[in-house]
Amino acid sequence: ITVDKVNFILGPFGSGATFATTAISEKYNVITIATLANAGKIYSRGFKNVFAVLAPASRIFYSFIDMLYARNPRPQKIAIITPNDLFPASVAKGAKEYAESKGFEVVYFEEYTKGVKDLSSTILKIKKSGAEVLIGTGYLEEAILTVRQLKEQKVDLKAIGFTTGPELSDFRDNLGSDANNIFGVSWWMPLMKYSDPLFGTASEYAEKFKAMFKDTDLSYQGAAASQGGLLLQTAIEKAGSLDT
């Protein structure tokens, strides 16, 4: 901001980093388009220069919980585990509140240290809790670790859902057949019916992304970043100015 004299900031990735950087951009009156940061605390400070692309983090497991609610017979007991980081903690809190509002019993809730290398004691507690469903709000490595240690301890669950993992090829490559029947949540997928004048349909966007970046593993992170650029461009065109 002070050396390169930028007018706008896109990013960074993650709510923790964005919580810090947006305090600086607010101080210097520079707009941040927060393409991949949706923890509620970022947007509850009265800042005028930060804009989100994604819906609030607290809502991302609503569809998974709605799916559980629609089952017959319906599972009753849910365990939720989360690292002590801004985004996953927001997700876990929202999932717990929504699950309880739908009549589920959250029989186990744990916040563990981000980057943990062993969750065996946590898995044992989940097993003893009688949970039928597990919701994990951590990152890719923690999701892989959780699945492996659930298998080691022979924990039988009716459904498992992760914030990050199942949508990524690394998850499937690391776990092989153990990745089957595990649910993920996503803000965007190429099969969705979205369209816009620049990219066309969601599937057309995915093809353009693949052609440009040689990437066949497109997930919502890429689409959200593109949406942030489009949002900023549209705002500048409507304002007819680069002035904040």
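**Reading the overall form**

Modeller: Let us begin with the radius of gyration. This is a predicted model. For 244 residues, a compact globule would have a radius of gyration near 18 Å, and the protein has 20 Å, which agrees.

Colleague: What box do the C-alpha atoms of the protein fill along the principal axes?

Modeller: The box is roughly 60 × 40 × 35 Å. Within the protein there are eight helices and 10 strands.

Colleague: What percentage of the residues count as buried?

Modeller: A residue is called buried when its relative accessible area is under 20%. By that cut-off, 44% of the 244 residues are buried. As for the surface, the protein exposes about 13,200 Å², of which carbon and sulfur atoms supply 53%.

Colleague: How far apart are the mean positions of the positive and negative charges?

Modeller: The protein has 27 positive and 26 negative charges, and their mean positions lie 4 Å apart.

Colleague: Let us turn to a single residue. Is Asn-49 buried or exposed?

Modeller: Asn-49 is buried, because its relative accessible area is 7%, and the cut-off is under 20%. Asn-49 sits in the loop between β2 (31–34) and β3 (50–52).

Colleague: Which residues does Asn-49 touch, leaving aside those up to four places away in sequence?

Modeller: With those set aside, Asn-49 touches Ser-25, Glu-26, Asn-29, Val-30, Ile-31, Thr-32 and Thr-244.

Technical notes. Residues are numbered from 1 along each chain as its sequence is written. This is a predicted model: local features need pLDDT of at least 70, side-chain atom pairs count only at pLDDT 80 or more; totals for chains, interfaces and linings use all residues. Side-chain values use heavy atoms; hydrogens and water are left out. Helices (H or I, at least four residues) and strands (E, at least two) are DSSP runs, numbered from the N terminus. The radius of gyration is taken over C-alpha atoms; the globule rule is 2.2 Å times the number of residues to the power 0.38. Buried means under 20% relative accessible area, exposed over 50%, partly exposed in between (1.4 Å probe, protein chains only). Accessible areas come from the Shrake-Rupley method with a 1.4 Å probe; for residues, only the protein chains shown count as cover. Lys and Arg count as positive and Asp and Glu as negative; His and the chain ends are not counted. The place of a charge is taken as NZ of Lys, CZ of Arg, CG of Asp or CD of Glu. Contact means heavy atoms within 4.5 Å.
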